[in-house]
Amino acid sequence: MALPGAGLTPAPMPRTYENPRYPYRRSPDQDGASAHHRVIIVGAGLVGLAAAVDLAGRGIASVVLDDDDTVSFGSRAICFAKRSLEILDRLGIGEKLLEKGVTWNRGKVFFRDRMIYDFDLLPEGGHRWPAFINLQQYYAEEWLVEAAGASGLVDLRWKNRVVDVVPKSQSADVDIETPDGPYRLSCDYLLAADGARSSVRKSLGLSFSGQVFRDRFLIADVVMQAPFPSERWFWFDPPFHQGQSALLHRQPDNVWRIDLQLGWDADPEAEKQPERVIPRLKAMLGEDVDFDLEWVSVYTFQCRRLERFRHGPVFFIGDSAHQVSPFGARGGNGGLQDTDNLCWKLAAVLKGEAPNRLLDSYDAERVPAADENILNSTRSTDFITPKNAISRLFRDATLELAEEHPFARALVNSGRLSQPADMPDSPLVKAAESSFDEALAPGSPCPDAPLTRAGGQTWLLQQIAGGFCGLYYGGEREMARDRGALAKLTLDCPELSVLTISAETPGTTETADVCYDVDGLVAERYGARPGSFYLLRPDQHVAACWPMLSPEAVKEAISRSLALE
(Lines give C-alpha, C1' and ligand atoms only; values in the text may rest on other atoms or scores of the structure.)
Protein backbone atom coordinates (compact mmCIF):
# COMPACT_ATOMS: atom_id res chain seq x y z
CA MET A 1 0.00 0.00 0.00
CA ALA A 2 1.39 3.42 -0.99
CA LEU A 3 1.04 6.58 1.06
CA PRO A 4 -2.32 8.35 1.25
CA GLY A 5 -2.37 11.02 -1.44
CA ALA A 6 -1.55 9.26 -4.69
CA GLY A 7 -0.58 11.17 -7.80
CA LEU A 8 3.10 11.83 -7.31
CA THR A 9 4.67 13.38 -10.38
CA PRO A 10 7.85 11.68 -11.59
CA ALA A 11 10.57 14.29 -11.39
CA PRO A 12 14.16 13.08 -11.16
CA MET A 13 16.30 15.95 -9.88
CA PRO A 14 19.98 16.69 -9.36
CA ARG A 15 21.45 17.33 -5.93
CA THR A 16 19.64 20.32 -4.47
CA TYR A 17 22.52 21.80 -2.44
CA GLU A 18 26.21 22.15 -3.17
CA ASN A 19 28.31 22.55 -0.07
CA PRO A 20 30.43 25.71 -0.10
CA ARG A 21 34.14 25.15 0.39
CA TYR A 22 35.80 27.62 2.71
CA PRO A 23 39.52 28.25 2.27
CA TYR A 24 42.15 27.25 4.77
CA ARG A 25 44.18 30.31 5.70
CA ARG A 26 47.34 30.20 7.70
CA SER A 27 47.02 32.22 10.90
CA PRO A 28 49.81 34.43 12.27
CA ASP A 29 49.34 32.40 15.48
CA GLN A 30 51.11 29.53 13.70
CA ASP A 31 54.34 31.51 13.31
CA GLY A 32 55.27 32.10 16.91
CA ALA A 33 54.92 30.87 20.44
CA SER A 34 51.55 29.84 21.82
CA ALA A 35 49.08 32.69 21.25
CA HIS A 36 46.37 33.42 23.79
CA HIS A 37 42.68 34.16 23.13
CA ARG A 38 39.83 34.86 25.48
CA VAL A 39 37.45 32.33 23.91
CA ILE A 40 38.06 29.34 21.64
CA ILE A 41 35.15 27.38 20.20
CA VAL A 42 35.82 23.89 18.87
CA GLY A 43 33.38 22.95 16.11
CA ALA A 44 31.77 25.10 13.40
CA GLY A 45 28.46 23.31 13.29
CA LEU A 46 25.07 24.78 14.14
CA VAL A 47 25.77 25.11 17.88
CA GLY A 48 29.37 26.31 17.69
CA LEU A 49 28.56 28.94 15.07
CA ALA A 50 25.54 30.15 17.06
CA ALA A 51 27.77 30.56 20.12
CA ALA A 52 30.34 32.56 18.14
CA VAL A 53 27.71 34.88 16.65
CA ASP A 54 25.99 35.30 20.03
CA LEU A 55 29.27 36.25 21.73
CA ALA A 56 30.12 38.63 18.89
CA GLY A 57 26.78 40.36 19.37
CA ARG A 58 27.85 40.98 22.97
CA GLY A 59 31.22 42.37 21.93
CA ILE A 60 33.26 39.23 22.67
CA ALA A 61 35.73 37.97 20.08
CA SER A 62 36.33 34.24 19.58
CA VAL A 63 38.41 31.81 17.55
CA VAL A 64 36.42 28.95 16.00
CA LEU A 65 38.34 25.79 15.03
CA ASP A 66 36.88 23.19 12.67
CA ASP A 67 38.50 20.14 11.12
CA ASP A 68 36.46 20.41 7.89
CA ASP A 69 36.11 23.14 5.27
CA THR A 70 32.34 23.24 4.81
CA VAL A 71 28.97 23.11 6.52
CA SER A 72 27.25 19.82 7.35
CA PHE A 73 26.53 17.19 4.72
CA GLY A 74 22.93 16.04 4.59
CA SER A 75 19.97 17.78 6.12
CA ARG A 76 20.63 16.48 9.66
CA ALA A 77 18.67 18.54 12.21
CA ILE A 78 15.76 19.86 10.16
CA CYS A 79 13.12 20.86 12.73
CA PHE A 80 13.70 24.33 14.18
CA ALA A 81 11.33 24.90 17.10
CA LYS A 82 9.69 28.21 17.88
CA ARG A 83 12.14 28.97 20.70
CA SER A 84 15.11 28.29 18.39
CA LEU A 85 13.64 30.66 15.82
CA GLU A 86 13.46 33.37 18.49
CA ILE A 87 17.11 32.76 19.40
CA LEU A 88 18.26 32.71 15.78
CA ASP A 89 16.28 35.86 15.06
CA ARG A 90 18.31 37.64 17.74
CA LEU A 91 21.41 36.35 15.95
CA GLY A 92 20.19 37.94 12.72
CA ILE A 93 19.05 34.98 10.61
CA GLY A 94 15.47 34.39 11.77
CA GLU A 95 13.82 35.96 8.74
CA LYS A 96 16.00 33.90 6.41
CA LEU A 97 14.80 30.70 8.08
CA LEU A 98 11.18 31.84 7.83
CA GLU A 99 11.53 32.74 4.15
CA LYS A 100 13.31 29.55 3.08
CA GLY A 101 11.90 27.01 5.52
CA VAL A 102 8.73 24.96 5.41
CA THR A 103 6.35 26.18 8.11
CA TRP A 104 4.27 23.61 9.95
CA ASN A 105 2.10 23.45 13.04
CA ARG A 106 0.06 20.31 12.35
CA GLY A 107 0.77 16.61 12.37
CA LYS A 108 -0.98 13.29 11.79
CA VAL A 109 -0.57 9.91 13.49
CA PHE A 110 -1.37 6.71 11.58
CA PHE A 111 -1.82 3.17 12.85
CA ARG A 112 -1.56 0.45 10.25
CA ASP A 113 -3.72 1.55 7.30
CA ARG A 114 -5.62 4.50 8.81
CA MET A 115 -5.17 7.88 10.41
CA ILE A 116 -6.14 7.79 14.07
CA TYR A 117 -5.89 11.51 14.86
CA ASP A 118 -4.23 14.81 13.97
CA PHE A 119 -2.94 17.62 16.16
CA ASP A 120 -2.13 21.32 16.05
CA LEU A 121 0.93 22.50 17.99
CA LEU A 122 -0.01 26.19 17.80
CA PRO A 123 -3.80 26.49 17.64
CA GLU A 124 -3.98 30.05 18.97
CA GLY A 125 -3.13 33.24 17.10
CA GLY A 126 -0.90 36.13 18.09
CA HIS A 127 2.46 34.47 17.44
CA ARG A 128 5.21 35.80 15.20
CA TRP A 129 6.80 32.39 14.68
CA PRO A 130 5.21 29.04 13.85
CA ALA A 131 5.56 26.00 16.08
CA PHE A 132 8.23 24.61 13.75
CA ILE A 133 10.10 25.35 10.57
CA ASN A 134 11.67 22.52 8.57
CA LEU A 135 14.96 23.54 7.03
CA GLN A 136 18.10 21.61 6.19
CA GLN A 137 20.77 22.31 8.79
CA TYR A 138 23.36 23.29 6.19
CA TYR A 139 21.37 26.43 5.26
CA ALA A 140 21.32 27.66 8.86
CA GLU A 141 25.03 26.95 9.21
CA GLU A 142 25.88 28.78 5.98
CA TRP A 143 23.97 31.86 7.14
CA LEU A 144 25.68 31.72 10.53
CA VAL A 145 29.08 31.56 8.79
CA GLU A 146 28.09 34.74 6.94
CA ALA A 147 26.93 36.40 10.17
CA ALA A 148 30.16 35.40 11.89
CA GLY A 149 32.20 36.98 9.10
CA ALA A 150 30.12 40.14 9.09
CA SER A 151 30.60 40.59 12.85
CA GLY A 152 34.33 41.19 12.55
CA LEU A 153 34.81 39.40 15.87
CA VAL A 154 34.88 35.75 14.81
CA ASP A 155 38.15 34.21 13.57
CA LEU A 156 36.82 31.12 11.79
CA ARG A 157 39.65 28.71 11.00
CA TRP A 158 38.86 25.81 8.67
CA LYS A 159 41.00 22.68 8.46
CA ASN A 160 42.15 23.23 12.04
CA ARG A 161 41.74 19.90 13.81
CA VAL A 162 41.93 19.91 17.60
CA VAL A 163 43.97 16.93 18.76
CA ASP A 164 44.34 17.69 22.46
CA VAL A 165 42.99 20.01 25.13
CA VAL A 166 44.67 20.45 28.50
CA PRO A 167 42.55 22.41 31.01
CA LYS A 168 44.33 24.37 33.76
CA SER A 169 42.98 26.23 36.74
CA GLN A 170 42.24 29.44 34.83
CA SER A 171 42.93 28.60 31.18
CA ALA A 172 43.23 25.78 28.68
CA ASP A 173 45.89 24.76 26.16
CA VAL A 174 44.77 23.55 22.73
CA ASP A 175 46.91 21.53 20.32
CA ILE A 176 45.87 21.83 16.67
CA GLU A 177 46.80 20.07 13.43
CA THR A 178 46.59 21.96 10.11
CA PRO A 179 47.73 21.41 6.50
CA ASP A 180 50.81 23.45 7.46
CA GLY A 181 51.57 21.42 10.55
CA PRO A 182 50.79 21.65 14.27
CA TYR A 183 50.55 24.66 16.56
CA ARG A 184 49.27 25.47 20.03
CA LEU A 185 46.86 28.07 21.42
CA SER A 186 45.73 28.92 24.91
CA CYS A 187 42.48 30.52 26.03
CA ASP A 188 40.59 31.73 29.06
CA TYR A 189 37.54 29.66 28.12
CA LEU A 190 36.93 26.86 25.66
CA LEU A 191 33.51 25.87 24.32
CA ALA A 192 33.38 22.30 23.03
CA ALA A 193 30.79 22.17 20.24
CA ASP A 194 32.42 19.30 18.36
CA GLY A 195 29.50 16.90 18.42
CA ALA A 196 28.77 13.37 19.54
CA ARG A 197 32.33 12.18 18.80
CA SER A 198 33.89 15.14 20.59
CA SER A 199 37.70 15.19 20.53
CA VAL A 200 37.62 17.60 23.46
CA ARG A 201 35.60 15.16 25.52
CA LYS A 202 38.08 12.43 24.63
CA SER A 203 41.03 14.65 25.59
CA LEU A 204 39.54 15.19 29.03
CA GLY A 205 38.82 11.47 29.46
CA LEU A 206 35.10 12.08 29.93
CA SER A 207 32.33 9.66 29.05
CA PHE A 208 28.57 9.66 28.74
CA SER A 209 26.17 7.92 31.08
CA GLY A 210 22.77 6.86 29.88
CA GLN A 211 21.12 4.39 27.55
CA VAL A 212 21.81 3.12 24.06
CA PHE A 213 18.66 1.57 22.57
CA ARG A 214 18.86 -1.69 20.69
CA ASP A 215 17.28 -0.48 17.48
CA ARG A 216 18.36 1.12 14.24
CA PHE A 217 16.66 3.62 11.95
CA LEU A 218 17.21 4.51 8.33
CA ILE A 219 17.10 8.21 7.52
CA ALA A 220 16.81 9.28 3.89
CA ASP A 221 16.48 12.62 2.13
CA VAL A 222 14.41 11.98 -0.99
CA VAL A 223 14.05 14.50 -3.81
CA MET A 224 10.63 14.31 -5.47
CA GLN A 225 7.53 16.26 -6.37
CA ALA A 226 4.78 15.34 -3.91
CA PRO A 227 1.31 16.70 -3.08
CA PHE A 228 1.47 15.95 0.64
CA PRO A 229 0.84 18.89 3.00
CA SER A 230 3.51 20.52 5.17
CA GLU A 231 2.80 18.36 8.19
CA ARG A 232 4.54 15.76 10.35
CA TRP A 233 3.23 12.28 9.49
CA PHE A 234 4.09 9.34 11.73
CA TRP A 235 3.08 5.70 11.21
CA PHE A 236 2.97 2.83 13.65
CA ASP A 237 3.04 -0.59 11.93
CA PRO A 238 2.13 0.67 8.42
CA PRO A 239 1.28 -1.84 5.65
CA PHE A 240 4.30 -0.70 3.64
CA HIS A 241 6.69 -1.37 6.57
CA GLN A 242 4.96 -3.91 8.77
CA GLY A 243 5.84 -4.24 12.41
CA GLN A 244 7.96 -1.08 12.37
CA SER A 245 7.46 2.71 12.31
CA ALA A 246 7.91 5.45 9.71
CA LEU A 247 8.11 9.25 9.65
CA LEU A 248 7.65 11.75 6.81
CA HIS A 249 8.59 15.45 6.80
CA ARG A 250 8.69 18.00 4.01
CA GLN A 251 11.75 20.22 3.55
CA PRO A 252 12.51 23.03 1.08
CA ASP A 253 13.76 22.27 -2.46
CA ASN A 254 11.33 19.34 -2.90
CA VAL A 255 13.33 17.31 -0.39
CA TRP A 256 11.42 14.92 1.87
CA ARG A 257 12.80 13.42 5.07
CA ILE A 258 11.84 9.76 5.56
CA ASP A 259 12.74 7.74 8.66
CA LEU A 260 12.18 3.97 8.70
CA GLN A 261 12.69 1.72 11.70
CA LEU A 262 14.95 -1.23 10.83
CA GLY A 263 15.42 -3.25 14.02
CA TRP A 264 18.59 -3.99 15.97
CA ASP A 265 19.78 -6.81 13.70
CA ALA A 266 20.01 -4.57 10.63
CA ASP A 267 23.50 -4.13 9.18
CA PRO A 268 24.09 -0.32 9.14
CA GLU A 269 26.46 -0.31 6.18
CA ALA A 270 24.35 -2.67 4.09
CA GLU A 271 21.15 -0.74 4.81
CA LYS A 272 22.67 2.50 3.46
CA GLN A 273 23.23 0.96 0.03
CA PRO A 274 20.80 2.11 -2.70
CA GLU A 275 19.82 -1.48 -3.54
CA ARG A 276 18.44 -1.79 0.00
CA VAL A 277 17.08 1.74 0.42
CA ILE A 278 15.20 2.10 -2.88
CA PRO A 279 12.92 -0.98 -2.47
CA ARG A 280 11.93 0.21 1.01
CA LEU A 281 11.05 3.67 -0.33
CA LYS A 282 9.13 2.25 -3.29
CA ALA A 283 7.05 0.14 -0.91
CA MET A 284 6.18 3.37 0.90
CA LEU A 285 5.78 5.74 -2.04
CA GLY A 286 4.62 3.45 -4.82
CA GLU A 287 6.43 1.57 -7.58
CA ASP A 288 5.74 4.20 -10.25
CA VAL A 289 7.20 7.11 -8.26
CA ASP A 290 10.49 8.60 -9.44
CA PHE A 291 12.77 10.05 -6.83
CA ASP A 292 16.43 10.76 -6.18
CA LEU A 293 18.30 9.85 -3.04
CA GLU A 294 20.16 12.89 -1.75
CA TRP A 295 21.41 11.63 1.60
CA VAL A 296 21.17 8.36 3.51
CA SER A 297 22.26 7.45 7.02
CA VAL A 298 21.56 4.79 9.64
CA TYR A 299 21.50 5.74 13.29
CA THR A 300 20.99 4.21 16.73
CA PHE A 301 18.99 5.87 19.49
CA GLN A 302 21.14 7.17 22.32
CA CYS A 303 19.90 9.08 25.34
CA ARG A 304 23.04 10.02 27.29
CA ARG A 305 24.89 12.95 28.80
CA LEU A 306 28.00 14.00 30.64
CA GLU A 307 27.71 14.15 34.40
CA ARG A 308 28.70 17.83 34.28
CA PHE A 309 28.86 20.26 31.38
CA ARG A 310 31.45 22.59 32.93
CA HIS A 311 34.97 21.36 33.60
CA GLY A 312 36.97 24.35 34.79
CA PRO A 313 37.52 26.60 31.76
CA VAL A 314 35.93 24.05 29.40
CA PHE A 315 32.20 24.03 28.63
CA PHE A 316 30.41 21.36 26.63
CA ILE A 317 27.47 22.47 24.48
CA GLY A 318 25.15 20.60 22.14
CA ASP A 319 25.85 16.98 21.20
CA SER A 320 29.26 17.05 22.87
CA ALA A 321 27.38 17.39 26.19
CA HIS A 322 24.26 15.31 25.61
CA GLN A 323 22.64 13.04 23.05
CA VAL A 324 18.97 12.27 22.47
CA SER A 325 17.00 10.33 19.89
CA PRO A 326 15.97 12.42 16.87
CA PHE A 327 12.24 11.91 17.40
CA GLY A 328 11.07 15.08 19.12
CA ALA A 329 13.66 17.40 17.52
CA ARG A 330 15.44 17.90 20.84
CA GLY A 331 19.08 17.66 19.71
CA GLY A 332 19.75 20.82 17.69
CA ASN A 333 17.07 22.79 19.52
CA GLY A 334 18.53 21.79 22.88
CA GLY A 335 22.01 22.78 21.69
CA LEU A 336 20.81 26.25 20.71
CA GLN A 337 19.31 26.66 24.17
CA ASP A 338 22.72 25.71 25.60
CA THR A 339 24.38 28.58 23.74
CA ASP A 340 21.57 30.96 24.64
CA ASN A 341 22.08 30.12 28.32
CA LEU A 342 25.88 30.21 28.38
CA CYS A 343 26.92 33.07 26.13
CA TRP A 344 25.38 35.99 28.02
CA LYS A 345 26.95 34.72 31.24
CA LEU A 346 30.35 34.26 29.64
CA ALA A 347 30.17 37.77 28.18
CA ALA A 348 29.25 39.22 31.58
CA VAL A 349 32.22 37.50 33.23
CA LEU A 350 34.67 38.57 30.51
CA LYS A 351 33.46 42.17 30.76
CA GLY A 352 33.96 42.18 34.51
CA GLU A 353 30.23 42.55 35.20
CA ALA A 354 29.92 39.22 37.03
CA PRO A 355 32.19 36.83 38.96
CA ASN A 356 33.42 33.56 37.51
CA ARG A 357 31.00 31.64 39.74
CA LEU A 358 28.14 32.84 37.51
CA LEU A 359 29.32 30.25 35.00
CA ASP A 360 28.55 27.45 37.46
CA SER A 361 24.86 28.19 36.82
CA TYR A 362 25.30 26.75 33.30
CA ASP A 363 25.39 23.30 34.91
CA ALA A 364 22.66 24.18 37.39
CA GLU A 365 20.29 25.22 34.57
CA ARG A 366 21.22 23.12 31.54
CA VAL A 367 21.80 19.72 33.17
CA PRO A 368 18.15 19.56 34.34
CA ALA A 369 17.07 20.71 30.87
CA ALA A 370 19.11 17.91 29.30
CA ASP A 371 17.56 15.43 31.74
CA GLU A 372 14.10 16.57 30.69
CA ASN A 373 15.00 16.08 27.03
CA ILE A 374 16.49 12.67 27.76
CA LEU A 375 13.41 11.64 29.74
CA ASN A 376 11.05 12.64 26.93
CA SER A 377 13.25 11.04 24.28
CA THR A 378 13.48 7.82 26.31
CA ARG A 379 9.72 7.67 26.72
CA SER A 380 9.27 8.28 22.98
CA THR A 381 11.69 5.53 22.12
CA ASP A 382 10.06 3.08 24.52
CA PHE A 383 6.67 3.76 22.93
CA ILE A 384 7.92 3.66 19.33
CA THR A 385 10.03 0.53 19.85
CA PRO A 386 8.30 -1.71 22.44
CA LYS A 387 10.76 -4.15 23.97
CA ASN A 388 8.44 -7.13 24.53
CA ALA A 389 5.04 -8.51 23.61
CA ILE A 390 3.29 -6.95 26.63
CA SER A 391 4.65 -3.48 25.81
CA ARG A 392 3.57 -3.83 22.19
CA LEU A 393 0.10 -4.97 23.27
CA PHE A 394 -0.26 -1.92 25.51
CA ARG A 395 0.98 0.42 22.78
CA ASP A 396 -1.33 -0.99 20.12
CA ALA A 397 -4.32 -0.86 22.47
CA THR A 398 -3.51 2.79 23.21
CA LEU A 399 -3.40 3.54 19.49
CA GLU A 400 -6.74 1.82 18.91
CA LEU A 401 -8.35 3.85 21.70
CA ALA A 402 -6.82 7.11 20.46
CA GLU A 403 -8.85 6.97 17.26
CA GLU A 404 -12.10 7.53 19.14
CA HIS A 405 -11.12 8.77 22.61
CA PRO A 406 -9.19 12.02 23.15
CA PHE A 407 -7.91 10.94 26.58
CA ALA A 408 -5.86 8.16 24.95
CA ARG A 409 -4.16 10.58 22.55
CA ALA A 410 -2.17 12.04 25.43
CA LEU A 411 -0.66 8.58 25.93
CA VAL A 412 0.48 8.22 22.32
CA ASN A 413 4.14 9.17 22.02
CA SER A 414 5.54 9.47 18.52
CA GLY A 415 8.15 11.93 19.77
CA ARG A 416 7.22 14.64 22.29
CA LEU A 417 8.37 17.71 20.42
CA SER A 418 10.94 20.20 21.69
CA GLN A 419 9.88 22.80 24.23
CA PRO A 420 11.93 25.58 25.85
CA ALA A 421 13.29 24.79 29.29
CA ASP A 422 11.73 26.06 32.50
CA MET A 423 14.19 26.81 35.30
CA PRO A 424 12.14 27.38 38.47
CA ASP A 425 14.86 25.92 40.70
CA SER A 426 17.74 27.95 39.29
CA PRO A 427 19.86 29.75 41.90
CA LEU A 428 19.68 32.84 39.67
CA VAL A 429 15.91 33.35 39.74
CA LYS A 430 13.65 34.63 42.49
CA ALA A 431 10.27 33.02 43.12
CA ALA A 432 7.22 35.21 42.62
CA GLU A 433 5.54 36.76 45.63
CA SER A 434 2.63 34.75 46.96
CA SER A 435 0.32 37.66 46.15
CA PHE A 436 1.32 37.32 42.48
CA ASP A 437 0.68 33.62 41.91
CA GLU A 438 -0.99 34.19 38.56
CA ALA A 439 2.18 35.66 37.05
CA LEU A 440 4.45 33.87 34.61
CA ALA A 441 6.76 31.92 36.90
CA PRO A 442 10.37 33.05 37.25
CA GLY A 443 12.63 30.76 35.26
CA SER A 444 10.10 30.51 32.44
CA PRO A 445 10.98 31.49 28.88
CA CYS A 446 9.35 34.76 27.85
CA PRO A 447 6.40 34.21 25.51
CA ASP A 448 6.08 36.57 22.59
CA ALA A 449 3.02 38.73 21.98
CA PRO A 450 1.95 41.38 19.46
CA LEU A 451 2.25 45.02 20.49
CA THR A 452 1.24 48.33 18.96
CA ARG A 453 3.42 51.40 19.13
CA ALA A 454 3.89 54.62 17.24
CA GLY A 455 4.71 53.57 13.69
CA GLY A 456 2.79 50.32 13.64
CA GLN A 457 2.81 46.79 15.02
CA THR A 458 5.80 45.12 16.64
CA TRP A 459 6.47 42.08 18.82
CA LEU A 460 7.42 41.96 22.46
CA LEU A 461 10.62 39.92 21.96
CA GLN A 462 11.76 42.31 19.24
CA GLN A 463 11.66 45.10 21.81
CA ILE A 464 13.86 43.26 24.30
CA ALA A 465 17.52 44.14 23.88
CA GLY A 466 20.34 41.67 24.42
CA GLY A 467 20.85 42.61 28.06
CA PHE A 468 18.64 42.74 31.13
CA CYS A 469 15.21 44.21 30.42
CA GLY A 470 12.48 45.38 32.73
CA LEU A 471 8.93 44.92 31.50
CA TYR A 472 6.62 47.43 33.17
CA TYR A 473 2.86 46.92 32.63
CA GLY A 474 0.42 49.66 33.61
CA GLY A 475 -2.38 52.01 32.79
CA GLU A 476 -2.21 55.81 32.92
CA ARG A 477 -2.86 55.91 36.66
CA GLU A 478 -0.11 53.40 37.47
CA MET A 479 2.34 55.06 35.08
CA ALA A 480 1.77 58.41 36.78
CA ARG A 481 2.21 56.80 40.20
CA ASP A 482 5.40 54.92 39.28
CA ARG A 483 7.10 57.59 37.16
CA GLY A 484 9.50 58.46 39.95
CA ALA A 485 10.26 54.80 40.75
CA LEU A 486 11.03 54.11 37.09
CA ALA A 487 13.37 57.10 36.95
CA LYS A 488 15.18 55.88 40.07
CA LEU A 489 15.44 52.37 38.61
CA THR A 490 17.09 53.53 35.38
CA LEU A 491 19.48 55.69 37.41
CA ASP A 492 20.41 52.89 39.83
CA CYS A 493 20.62 50.18 37.13
CA PRO A 494 22.11 51.68 33.95
CA GLU A 495 22.59 48.15 32.54
CA LEU A 496 18.80 47.71 32.52
CA SER A 497 16.55 48.76 29.65
CA VAL A 498 12.86 49.22 30.46
CA LEU A 499 9.98 48.36 28.14
CA THR A 500 6.75 50.08 29.14
CA ILE A 501 3.55 48.39 28.02
CA SER A 502 0.22 50.10 28.42
CA ALA A 503 -2.79 48.09 29.49
CA GLU A 504 -5.04 50.63 27.77
CA THR A 505 -5.98 51.27 24.15
CA PRO A 506 -4.02 54.19 22.68
CA GLY A 507 -5.96 57.36 22.08
CA THR A 508 -5.62 59.70 19.15
CA THR A 509 -1.98 60.32 20.06
CA GLU A 510 0.36 57.52 21.06
CA THR A 511 3.29 57.97 23.41
CA ALA A 512 6.45 57.19 21.45
CA ASP A 513 8.21 55.26 24.20
CA VAL A 514 5.18 53.16 25.18
CA CYS A 515 3.90 49.94 23.60
CA TYR A 516 0.24 49.00 23.78
CA ASP A 517 -1.18 45.57 24.62
CA VAL A 518 -4.13 46.08 22.26
CA ASP A 519 -5.01 42.38 22.01
CA GLY A 520 -4.50 41.76 25.74
CA LEU A 521 -2.08 38.89 25.05
CA VAL A 522 0.70 40.24 27.28
CA ALA A 523 -1.75 40.31 30.17
CA GLU A 524 -2.93 36.80 29.28
CA ARG A 525 0.47 35.16 28.73
CA TYR A 526 2.38 36.89 31.53
CA GLY A 527 -0.41 37.19 34.05
CA ALA A 528 0.37 40.91 33.97
CA ARG A 529 -1.87 43.41 35.73
CA PRO A 530 -1.61 47.19 36.01
CA GLY A 531 1.49 48.14 37.97
CA SER A 532 3.32 44.80 37.67
CA PHE A 533 6.98 44.54 36.75
CA TYR A 534 9.04 41.69 35.25
CA LEU A 535 12.82 41.40 35.20
CA LEU A 536 13.88 39.57 32.03
CA ARG A 537 17.32 38.02 31.62
CA PRO A 538 19.49 38.47 28.51
CA ASP A 539 18.40 34.98 27.36
CA GLN A 540 14.75 36.05 27.55
CA HIS A 541 13.84 34.06 30.66
CA VAL A 542 11.99 35.63 33.57
CA ALA A 543 14.39 36.35 36.44
CA ALA A 544 11.80 37.78 38.86
CA CYS A 545 8.42 39.52 38.94
CA TRP A 546 6.44 41.71 41.29
CA PRO A 547 2.83 42.91 41.48
CA MET A 548 4.19 46.42 42.11
CA LEU A 549 7.49 48.00 41.10
CA SER A 550 10.22 48.26 43.73
CA PRO A 551 13.56 49.60 42.43
CA GLU A 552 15.40 48.11 45.41
CA ALA A 553 13.92 44.64 44.76
CA VAL A 554 14.79 44.84 41.05
CA LYS A 555 18.37 45.87 41.81
CA GLU A 556 18.68 42.94 44.23
CA ALA A 557 17.28 40.53 41.62
CA ILE A 558 19.79 41.72 39.01
CA SER A 559 22.59 41.06 41.49
CA ARG A 560 21.18 37.61 42.10
CA SER A 561 20.98 36.94 38.35
CA LEU A 562 24.67 37.85 38.00
CA ALA A 563 25.69 35.76 41.04
CA LEU A 564 26.89 38.93 42.75
CA GLU A 565 25.18 38.08 46.03
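Helix 12 and helix 14 are roughly parallel to each other, a label for angles under 35 degrees, while over 145 is roughly antiparallel, 65 to 115 roughly perpendicular and the rest oblique. The model is predicted, so local features need pLDDT of at least 70 and side-chain atom pairs pLDDT 80 or more, while totals for chains, interfaces and linings use all residues. Residues are numbered from 1 along each chain as its sequence is written, and side-chain values use heavy atoms, without hydrogens or water.

**Helix 12 and helix 14**
- Helix 12 covers residues 476-492 and helix 14 covers residues 551-561. Helices here are DSSP runs (H or I, at least four residues), strands are runs of E (at least two), and both are numbered from the N terminus.
- Their axes lie 9 Å apart at an angle of about 30°. Axes are lines fitted to C-alpha atoms, for helices over the stretch in contact, and angles run from 0 to 180 degrees between N-to-C directions.
- The crossing of helix 12 and helix 14 is right-handed. That means the near helix is turned clockwise from the far one by less than a right angle; anticlockwise is left-handed.
- Helix 12 contributes Ala-485, Lys-488, Leu-489 and Asp-492 to the contact (heavy atoms within 4.5 Å). Helix 14 contributes Pro-551, Glu-552, Val-554 and Lys-555.

**Helix 2 and helix 8**
- Helix 2 (residues 82-90) packs on helix 8 (residues 331-350) at about 45°, with axes 9 Å apart. That angle makes helix 2 oblique to helix 8.
- The crossing of helix 2 and helix 8 is left-handed.
- Arg-83, Ser-84, Ile-87, Leu-88 and Arg-90 of helix 2 meet Asn-333, Leu-336, Gln-337 and Asp-340 of helix 8.

**Asp-237**
- Asp-237 sits in the loop between strand 13 (232-236) and strand 14 (245-250).
- Asp-237 is buried, at 15% relative accessible area. Buried means under 20%, exposed over 50%, and partly exposed in between (1.4 Å probe, protein chains only).
- A polar side-chain atom of Asp-237 lies 2.5 Å from the backbone nitrogen of Gly-243.

**Positive phi**
- Lys-159 is not a glycine, yet has a positive phi of about 55°. Lys-159 is partly exposed, at 34% relative accessibility.
- Gln-540, also not a glycine, has a positive phi of about 60°. Gln-540 is buried, at 4%.

Definitions and conventions:
Polar contact = N/O pair within 3.5 Å; in protein donor to acceptor, adjacent residues only side chain to side chain.
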